[in-house]
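Biologist: Please show me the model. I have some questions about its surface and fold.

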Amino acid sequence: MCINKMKTKTIFVLITFMMSTFLFLLSVQTKDVYAGDINGSESGVIGVASGTFTYNGKVYKAYSSYVSQLYSYLSRDDVDLTPEQASKAISYIYSNVQQGIDQGYVYEVNAPEENNTDLNQIEEEREAEEQKEREEVKVQSDKEVEEMFEEMEEDHKLTQESRPKASETDASVIMTNDSIIITDDSNEEIVLKADESIIPDWFGSCFIIIGASVLVINIIILLVLIIKGCMRFKGKDRNKAKKGHRKRRRIRRICRRVLTATTAIGVTTIFVGITISIGLFNNNKIIQNIQGSGYFKYAYTEYVAENSEFVSYDEFLLDEKKALDMMEAGEMTKGRSLAPYISRMQIDLKDSLVASGILLILATAVAVVACIFMDRRRDRGIRSVAIAVLIGTVITLVIGIIMKALHIENQFFIEPEYLYEFLRSHLEWCIKILLIAGLFGAVISMSLIGVYRSKRKDH
């Protein structure tokens, strides 16, 4: 039997006087289980506990109520002491008399006569106080449970009020035992299966196309600037303008505008990609939002309704959490779990997000180099980069604000309820990430503007 922590009043008593003994008793491993009988070794322990103890010349005895609790404990089916264990338990009892005295679980049997005559009364009063405490604890516990259910019911009502009904929407998202069916306003159905691709190929391709396009355009601009002699890699150049200066200035102006636009697009795409990556691959947050959606209660209720074999909620919870950690469906939640669908989306988008991220980072680096070194006045290039980041930041924030205002989850009738709650909470979290990314971009752009002003003063 594994070491268990003592939770009840009875076990707490055992931790004090005879407690050191039964902390040991709880830590031993019993190999055989008997039907609640007291064996010879246990009888010896009870005999010692119900006897007297001498300490500092005085004789003490345990209150009968505690001896009864000890008897009840040793009568349990899962407790069966060997002679060796009983011997060690008795040694623990004798070595902890002082602890029993300090805690008030034993009384002095050779105390003055007037006190001895009232021992039964004292014991009855103690038992009455304990009973009163237990009743008060029960009343408080019942009250807390009632409040908890009232709060759950109130949350359910609020969810029902905010959740759109089927008649109020033209589209729906319904989760069945083997798929998620999305119906649009034209009654066309899109069936998503956990073992098939969920994200359309074009969605991931969009990120790669944007990244590749921006990189190619930026490289072409850089080559044009080099071929036309518009790059100034040295900080200082001759003061006298070279022939064709006006033409080169016009080329720089056009190239700078193009680079500003492509960099702004790249920055926006990077922020959106970061948001999708964090929202889709942060399994801890996904599991947290699944837990908060009421999924466990729903799935357990469905499992119990469909299976005659009884499984406790604790066992169900343990199995499901282990499966969720690996983003899989548990043995008892196949056909009901969101995990396989999320795992499939991670597989669908992983390569696209990584590839587009690399392309966009390279494109941004090329743009920065071109902007800064196309003119011997570096402050102009820094200003172009700052403006590009600022534009990308504004676009990102606008996207986030629009998504938050639209409440996308309310555009669909979503069933079951936990799926609606999960989508609502996770979308809200993803929108927060997008807005935070936008604010981060604003900090970068403001810093670049500060650098630009500082550099400008030097000229």
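**Surface and fold**

Modeller: This is a predicted model. The protein exposes about 26900 Å², and carbon and sulfur atoms supply 57% of that area.

Biologist: What share of the 459 residues of the protein counts as buried?

Modeller: A residue is buried when its relative accessible area is under 20%. Among the 459 residues of the protein, the buried share is 37%.

Biologist: How many helices and strands are there in the protein?

Modeller: Both kinds of element are present. The count is 16 helices and 7 strands.

Biologist: Is Arg-246 buried or exposed?

Modeller: The cut-off for exposed is over 50% relative accessible area. Arg-246 has 67%, so Arg-246 is exposed.

Biologist: Why does Ile-449 count as partly exposed?

Modeller: Ile-449 lies in helix 16, residues 417-457. Partly exposed covers the range between buried, under 20%, and exposed, over 50%. Ile-449 counts as partly exposed because its relative accessibility is 25%.

Biologist: How many Å apart in space are Ile-449 and Asp-379, C-alpha to C-alpha?

Modeller: In sequence, Ile-449 and Asp-379 are 70 residues apart. In space, their C-alpha to C-alpha distance is 9.5 Å.

Biologist: What share of the contacts with a separation of 6 or more comes from residues 24 or more positions apart?

Modeller: A contact means heavy atoms within 4.5 Å. Of the contacts in the protein with a separation of 6 or more, residues 24 or more positions apart account for 75%.

Key. Residues are numbered from 1 along each chain as its sequence is written. This is a predicted model: local features need pLDDT of at least 70, side-chain atom pairs count only at pLDDT 80 or more; totals for chains, interfaces and linings use all residues. Side-chain values use heavy atoms; hydrogens and water are left out. Buried means under 20% relative accessible area, exposed over 50%, partly exposed in between (1.4 Å probe, protein chains only). Helices (H or I, at least four residues) and strands (E, at least two) are DSSP runs, numbered from the N terminus. Accessible areas come from the Shrake-Rupley method with a 1.4 Å probe; for residues, only the protein chains shown count as cover.
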